[in-house]
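Please look at the sequence and the model first.

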Amino acid sequence: MLSGIASIGAQDLTITDARIVVGNGTVIDRGSIVVRGGKIAAVTPGAPSGTSGQVIDAKGMTAMPGFIDGHRHINTGPNEKAQMQALLEAGYTTVLSGGGPAEGNITLRDHIDKGLINGPRIIPSGSLRLNNNTPETARAEVRKMAAMGIKFTGEIALTPIPGPSEKELETLRAIVDEAKKVGVMVQVHAVSSSAMVAAVDAGVPLLVHLPNKDWVSKEDAKKVAAAGVKVLGTVSFGSPVFGVFANDNKPRFRDGKPWPEGIVDGVRLGEEAGYMPVNARTIWDAGVTLGYCTDTTYDPTAGLDHELKMLNVMFSMQDLVKMMGPNTASYIQMGDQLGTVEAGKLADLILLDGNPLEGYWNWLKTKVVVKGGVIVVDKR
C-alpha cells in the first residue's frame, strides 16, 4: 500500500505481461498497456514497442478497467480519508455520489482532486425531493444545481406502493423538462414496477435501482429498453450479509440491522432478495443497459463481495465485465472515457491477482490500482 499520495505528475506508465480483459469482449492472454499523460496510449499483445514511465511486470495478474460504483452515498467528513482509501483498495476508481448535500460532494471531490487525500474520481450529485417542491420550485432547484456545476440529481424517490401520485409525477415532469434545458441528468429511485414505468413515461433517463417490491414483466422491461433508459442494479439489496458488522453468523441487512426486519418498506419475509436478481436478468435480456452500484455505506470490499455474489447467480463473468465496465461508464455519461482498456481512454486500471473470468472471487484480489495513470494503490 502506498504510504502517501501519488504524485499528480506521475502519469506515464507501462504494464507488461498481463492478461488484459479489455471490456469489449476481447481478452489478451499476455499483453502490454502503455500509458502517457494519464491516458492509455497503446494496448498490444506481447511486449510493447516502447515503454513509458514506470514499468510494472504483471506476470500472473489480470488488467481490467477500474471499478465504477454508479451509486454510493458519500460526502465530506472526518472519516473521508479512510473511506476513500478503502474504496481505492477495493478497486474503485470512479464513484457517482448517491445524493446528500451537493456542497459536501463538491468539497470531497476537491479534496481528492487537489491531492489533499487519496481517493477515486468523485462525480457529485445534488439532492432533490418531490414532496418538498412544487413544479416551479423544483425547476429552480435544478437550475441551482446546474449553476454549481452539478450534472446529476441524486436519487429522486417515487412512491413504490401503490405507486406515485399525480402530484409527484407533475413535479417530476417539470424536473425532467428543466434538466434537459440546463444539462442535468435526472436519476429516479423507482423500486416497484409501477414506479419504474411511471418514471419512464415521465421521460426520466436514469433509474438508480431495479424494482424490489414485485416482479418486472417482460413487457415492462421492453418498455424500459425501448425508451433507452439506463438502470443500475444493487442486486444484493434484499439479501443478508454475514461477517461484515459482526462475526456471529447472524444475517443482517445492509445497514447492520436484523434481516429482514431492517429492510425499509420491507416486503414480507425478505422477498426483496429474490425480486432483484431475477428482475436484473429480465431487464438485461430485454436489452436494457444495466450498470453496477452497491449503495452501501459499509466496507467497500465487503460491498463488492456481496453484490458480486448475488450477480453471480444470474450472470456470467463475461456479462459482469460488460455490466461493471462499459455499461456503468455509459450510465455515468463517461462511456467515451472509461469502462474499457482501449487506446484513448483514461488510464483507470486495476491489476488483479488471478483471472476474473474464472469466478467473481478473483475480482476481490486487487493488487494495483491506477487512476488517470497514477498508481494510487500498490499491494504487491
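Tyrosine 298 is buried, with a relative accessible area of 6%; buried means under 20%, exposed over 50% and partly exposed in between, with a 1.4 Å probe and protein chains only. This is a predicted model, in which local features need pLDDT of at least 70 and side-chain atom pairs count only at pLDDT 80 or more, while totals for chains, interfaces and linings use all residues. Residues are numbered from 1 along each chain as its sequence is written, and side-chain values use heavy atoms, leaving out hydrogens and water.

**Aromatic pairs**

- Phenylalanine 245 is partly exposed, at 36% relative accessible area.
- Rings of Phe, Tyr and Trp (its six-membered ring) pair if their centres lie within 6.5 Å; planes under 30 degrees apart count as stacked, over 60 as edge-to-face and the rest as tilted.
- By this rule there are eight aromatic pairs.
- One of them joins phenylalanine 237 and phenylalanine 253 edge-to-face, at 5.3 Å centre to centre and 90° between the planes.
- Both phenylalanine 237 and phenylalanine 253 are buried.
- The ring centres of phenylalanine 245 and tyrosine 298 are 5.4 Å apart with planes at 80°, so this pair is edge-to-face.
- Phe67, Tyr92, Tyr292 and Trp363 form one aromatic cluster.

- Strand E7 (residues 92–97) pairs with E8 over three bridges.
- Threonine 94 has arginine 121 in E8 as its bridge partner.

How values were computed. Pairing = 2+ DSSP bridges. Helix = DSSP H or I, 4+ residues; strand = E, 2+ residues; numbered from the N terminus.
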